[in-house]
Amino acid sequence: TLCGTNIGNRGLTEIGKLRSVKILNIADTKISGDLSEISGMVNLEWLVASGLTQSDESANTLAPLTNLSHLTISGTTISDKAVQAILKKKTDIGLDR
């Protein structure tokens, strides 16, 4: 877990190279934006991204993560519209908001 650490987008780029990670907790870190750094984490099943400043583009970034079955985004800046887009693309996802 990286929860509450000072990791930012540069560090997330390196973490995004770890293809075998199944659970990633980046809550309350300095990561922001669209989370494109993790778009290649094909085995990721659960992403905890609470408390982040994220763009609505996160909905597009998460779509290719075919194994993602649970997403925790409480306290983020993702709009309701983007959340609906995530749910439309990933109909079987468990969502904590």
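First, the ground rules. The model is predicted, so local features need pLDDT of at least 70 and side-chain atom pairs count only at pLDDT 80 or more, while totals for chains, interfaces and linings use all residues. Residues are numbered from 1 along each chain as its sequence is written, and side-chain values use heavy atoms, with hydrogens and water left out.

Confidence next. pLDDT is the predictor's confidence in each residue, on a scale from 0 to 100. The protein averages 92, and 100% of the residues score at least 70. By element, the mean is lowest in α2, at 83, and highest in β1, at 97.

When I say helix or strand, I mean DSSP runs numbered from the N terminus: H or I over at least four residues for helices, E over at least two for strands. Two strands pair if DSSP finds at least two bridges between them. On that basis there is an open sheet of four strands, in the order β1-β3-β5-β6, with parallel pairing. The edges are β1, residues 23-25, and β6, residues 94-96; each has a single partner strand, so one side of each is left without a neighbour in the sheet. The twist averages 5° from one strand to the next, with axes taken as lines fitted to C-alpha atoms (for helices, over the stretch in contact) and angles running from 0 to 180 degrees between N-to-C directions.

β1 pairs with β3, residues 46-48, in the parallel sense over three bridges. Asn 25 stands opposite Val 48 in β3.

On to charges. How many salt bridges does the structure hold? There are three, where a salt bridge is a side-chain nitrogen of Lys or Arg within 4 Å of a carboxyl oxygen of Asp or Glu. I will also quote accessibility for the residues involved: buried means under 20% relative accessible area, exposed over 50%, and partly exposed in between, using a 1.4 Å probe and protein chains only.

Lys 17 and Glu 14 form one of them, with the closest N and O atoms 3.2 Å apart. Lys 17 counts as exposed at 52%, and Glu 14 as partly exposed at 47%.

Another joins the side chains of Lys 22 and Glu 45, at 3.6 Å from N to O. Lys 22 is in the loop between α1 (9-15) and β1, and Glu 45 is in the loop between β2 (32-33) and β3, so this pair ties together parts that are 23 residues apart in sequence. Both ends are partly exposed: Lys 22 at 45%, Glu 45 at 32%.

Then there is Asp 80 with Arg 97, at 2.4 Å from N to O. This pair links distant parts of the chain, 17 residues apart: Asp 80 belongs to helix α3 (residues 80-89), and Arg 97 to the segment after β6. Asp 80 is exposed at 53%, whereas Arg 97 is partly exposed at 48%.

Staying in α3, that helix also contains Lys 81, which is exposed at 72%. The C-alpha atom of Lys 81 is 29 Å from that of Thr 5, and the two residues are 76 apart along the chain.

Leu 35 lies in the loop between β2 and β3. Is Leu 35 buried or exposed? At 1% relative accessibility, Leu 35 is buried.

Last, the core. A nonpolar core here is a set of buried Ala, Val, Leu, Ile, Met, Phe, Trp, Tyr and Cys residues joined through side-chain atoms within 4.5 Å. The largest one has 24 residues, and those touching the most other members are Leu 12, Leu 24, Ile 26, Ile 38, Leu 44, Leu 47 and Leu 62. Helices α1, α2 (58-62) and α3 each supply at least two residues of this core, and the largest share, three residues, comes from α3.

Which residues does Leu 44 contact, leaving aside neighbours within four places in sequence? Counting heavy atoms within 4.5 Å as contact, the partners of Leu 44 are Val 21, Lys 22, Ile 23, Leu 24, Ile 38, Leu 65, Asn 67 and Leu 68. Among them, Lys 22 is also the partner of Glu 45 in a salt bridge.
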